[in-house]
Amino acid sequence: MLRLDCLRSIYSQLEKCVVVTIMGAIAAELQSIGHRPNFFYLQHAMGLASSTGLGLALSLPEQTVVVLDGDGSVLMNLGTFSTMARYRPRNLLHIVFDNESLLSVGGFPTATATGTDLAQIAKAAGVPRTATVTDCDAFVVAITDALAAKTLTTIVAKVEASGPAKYVTDLTLLENRFEFSRYLRTLKKPLR
Amino acid sequence: MPVSLNSSKAIYAALKASGIRLVSALPETWLVHLIRMAEDDPEMTLVRLAKEEEGVGISAGAHFAGVGSAMLMQNHGFLASINGIVSFAFLYRIPLLMLISYRGSFGEKDPWQTQGGGVTEPLLRALGIPYFCLQTVESVPLRIRQAHELCASSLQPVALLLTRDLMWEE
């Protein structure tokens, strides 16, 4: 399963959500499909995309917040599962693209390559809905169900360790940040 | 417990007066009253963390959404947050109002706190984070208001060090 195919298959649903991605391939691939003002790309601070999503979800209860995370990032902040589970906002969907690799720095294997199961960690931390999917059809079903469930969910999507040729895009970090925050503050009603 | 309730009340009132509506915290002795006040306040969202660096992301998310926030932590929590402060708050111009209990300074009796005390101010200076040592309860309302104002106008982290003189009654 390719992460880019996954992103394409849920893009129309992401259009209606407040979206936070991690750095690297996910940010570049989502931008290649189409940037929107409700998308924020956290191009560093590995591990904090889910924390940012939690802060957004608690502050914008009328919106659906989707975090597009990765195995390398989430392994740097496993405590985030227990914090998300503690407050379990109904409007937060946490998607972890697990390519078992730190792809952007040369493809070194992460601990998920040797058996660490992030969905089980999320479940054991108290995240009420968790699943692991390995093909794109199952991914779309899992995401659609999770958005309908209105319950904190972590979906681990096992994807190939491949990405775009380059990670730097022409969207500057601060342009993205200020566009995103300005857009959120204009929201009166849910995007969905 | 000789943690100053009077000073804690003054700090909490000043945060409320500045419009703070979300507080992230990791419990530490000097912060117990503040955390309880946040927990008991229906107007405040309290996020209890596993590790302080999470608070950088949570405050950023709240800021993007237009919600004022503050971080309550021990100085060792500040040390644990530095990557997030640099690679999120500075990189993306996120205002972080950090209230840091200043353990390990003059009067510290716990040996395990003493190394952190020695590096707190040098690290704040090295990072270019404006900070003020709160030592008297009388100074609390003005300095917290000023810290919040600087934080909001500069879109950068600002720290208030909660000293032993302010937080501990012996």
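Reader: Is Leu152(A) buried or exposed, and why?
Author: In this predicted model, local features need pLDDT of at least 70 and side-chain atom pairs count only at pLDDT 80 or more, while totals for chains, interfaces and linings use all residues. Residues are numbered from 1 along each chain as its sequence is written, with chains lettered from A and ligands numbered from 1 in the order in which they are written. A residue is buried if 20 or more other C-beta atoms, placed from the backbone, lie within 10 Å of its own, exposed if 12 or fewer do, and partly exposed in between. Because Leu152(A) has 24 C-beta neighbours inside 10 Å, the residue counts as buried.

Reader: In which loop is Leu152(A) found?
Author: Helices (DSSP runs of H or I, at least four residues) and strands (runs of E, at least two) are numbered from the N terminus. On that basis, Leu152(A) lies in the loop of chain A between α7 (136-149) and β8 (153-158).

Reader: Which strand does β3(A) join through six bridges?
Author: Two strands pair if DSSP finds at least two bridges between them. By that criterion β3(A) pairs with β1 (residues 18-21) of chain A in the parallel sense over four bridges, and in β3(A) the bridge partner of Thr21(A) is Leu68(A). Asp69(A) has Val96(A) as its bridge partner in β4(A), and the strand that runs parallel to β3(A) and is joined to it by six bridges is β4 (residues 92-98) of chain A.

Reader: How many of the six residues of β3(A) are buried?
Author: Val65(A), Val67(A) and Asp69(A) point one way from β3(A), whereas Val66(A), Leu68(A) and Gly70(A) point the other way, and all are buried. The strand, residues 65-70 of chain A, is therefore largely enclosed by the rest of the structure, the buried count being six of the six.

Reader: How wide an arc do the buried residues of α5(B) cover?
Author: In helix α5 (residues 82-90) of chain B, the buried residues are Gly84(B), Ile85(B), Phe88(B) and Ala89(B). The arc is that of the directions from the helix axis to the C-beta atoms. These residues are on the same side of α5(B) because the arc they cover around the axis is only 110°.
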